[in-house]
Amino acid sequence: MKTISMTAYNRPDYLKATLEDLSKCKPYDWHYFVCVDPSDKLKDIVNVLYEDYGFASTNITINSTRKNHRLNQFSAVNTAFEAGSSFNCHMDDDLFISLDALKLAEYYLRTFKDAPETFNSYGLFNYDSNPAEPTKLLTRSQTFTGLGWCAFKENFEKVFKPNWFYDDLAIKYFGSYGWDWAVAAHCKKHNLSEIFPAYSRTNHRGRDIGTCCSHEWHDKAFANLKWNTTVVEEEYYYE
């Protein structure tokens with residue numbers, strides 16, 4: 001089973017826009033798992049989630065109390081794998097998503113299913129997005145990039161799950177903390193590599209009311225980033 005995981009908290013408008021982008025990717029054989037933290041926008045979020053976006057199934061978990069960003073992200077991914085996923089694509093609830101984002105995810109699944117630990121993660125986002133290379137994939141060692149990423153169950157069990165809540169290495173290597181920094185630190189220590197597109201298949205949408213991104217950082221990192229808005233028909237390649 002291939003799955004898409006996501007969390008939602010207090011921004012129904014961003015969530016709806018992100019899901020509408022995903023629906024344009026024709027996710028007919030992808031199973032969707034979402035973990036929702038309660039807020040004063042809970043009713044609006046549930047209404048958004050009850051709409052039909054074309055997934056094979058929709059699985060909604062509403063937390064009784066707020067888990068917070070880090071734990072809820074883990075819960076969403078872990079729930080998908082515990083339900084039987086062999087390959088999961090984790091999306092934030094405030095992304096622009098390319099029309100061919102799931103096409104790239106399916107390339108990863110098709111190409112690496114027999115050797116899932118070739119890379120520690122299979123990404124969709126690139127901070128240095130290059131529109132001139134729409135089919136090229138890049139590899140990079142000793143790090144991890146979020147904002148739309150895929151993993152086989154083997155990756156999750158060996159890389160993500162044991163390190164998600166472990167900040168010591170993140171502080172040592174990066175002077176920061178958080179689940180993504182913790183995973184990146186583990187990859188740095190063990191020289192693990194990621195693969196991701198030269199031309200980004202996602203971009204950050206959520207400028208307002210976020211828990212991890214200020215207006216200043218959003219504008220600096222994402223406002224001028226070029227990301228793919230079409231369907232690329234050629235096959236991907238990497239060196």
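Asp94 forms a salt bridge with Arg11, the closest N and O atoms being 2.8 Å apart. A salt bridge here is a side-chain nitrogen of Lys or Arg within 4 Å of a carboxyl oxygen of Asp or Glu. Asp94 sits in the loop between S4 and S5 and Arg11 in the loop between S1 and H1, so the pair ties together parts 83 residues apart in sequence. Both Asp94 and Arg11 are buried. Buried stands for under 20% relative accessible area, exposed for over 50%, and partly exposed for values in between (1.4 Å probe, protein chains only).

The model is predicted: local features need pLDDT of at least 70, side-chain atom pairs count only at pLDDT 80 or more, and totals for chains, interfaces and linings use all residues. Residues are numbered from 1 along each chain as its sequence is written, and side-chain values use heavy atoms, with hydrogens and water left out. Helices (H or I, at least four residues) and strands (E, at least two) are DSSP runs, numbered from the N terminus.

Arg11 has a further partner. The side chains of Asp93 and Arg11 meet in a salt bridge of 3.8 Å, N to O. Asp93 belongs to the loop between strand S4 (87-90) and strand S5 (95-97), and Arg11 to the loop between strand S1 (2-8) and H1, so this pair joins parts 82 residues apart in sequence. Asp93 is buried, with a relative accessible area of 10%. Arg11 is buried at 11%. By the salt-bridge rule, the count comes to 15.

Another bridge links Glu51 and Lys16, with the closest N and O atoms 2.8 Å apart. The pair connects distant parts of the chain: Glu51 is in the loop between H2 and S3, Lys16 is in helix H1, and 35 residues separate them. Glu51 is partly exposed, with a relative accessible area of 37%. Lys16 is partly exposed as well, at 26%.

Helix packing was examined next. Two packed helices are described by the angle between their axes and the distance between the axes. Axes are lines fitted to C-alpha atoms, for helices over the stretch in contact, and angles run from 0 to 180 degrees between N-to-C directions. The axes of helix H1 (residues 12-23) and helix H2 (residues 42-49) come within 9 Å and cross at roughly 10 degrees. H1 and H2 are therefore roughly parallel to each other. Their contact is made by Pro12, Leu15, Lys16 and Leu19 of H1 and by Asp44, Ile45, Val48 and Leu49 of H2. Contact means heavy atoms within 4.5 Å. For the angles, under 35 degrees counts as roughly parallel, over 145 as roughly antiparallel, 65 to 115 as roughly perpendicular and the rest as oblique.

H5 and helix H7 (residues 179-190) pack at an angle of about 85 degrees, with their axes 11 Å apart. H5 is thus roughly perpendicular to H7. Lys158, Val159 and Phe160 in H5 meet Val183, His186 and Cys187 in H7.

His186 also touches Asn163, as do Lys158 and Ala182, not counting residues up to four places away in sequence. Asn163 lies in the loop between helix H5 (153-160) and helix H6 (168-174). At 9% relative accessibility, Asn163 counts as buried.

Pro116 is placed between helix H4 (101-112) and strand S6 (121-123). Leaving aside neighbours within four places in sequence, Pro116 is in contact with Tyr122, Phe152, Glu154 and Asn155. The C-alpha atoms of Pro116 and Lys2, 114 residues apart along the chain, are separated by 14 Å.

Positive phi values occur at two non-glycine residues discussed here. Phi of Lys26 is near 60 degrees. Lys26 is found in the loop between H1 and strand S2 (31-36), and is exposed, with a relative accessible area of 57%. Leu147 has a positive phi of about 60 degrees. Leu147 lies in the loop between strand S7 (136-141) and strand S8 (149-152), but is buried at 14%.
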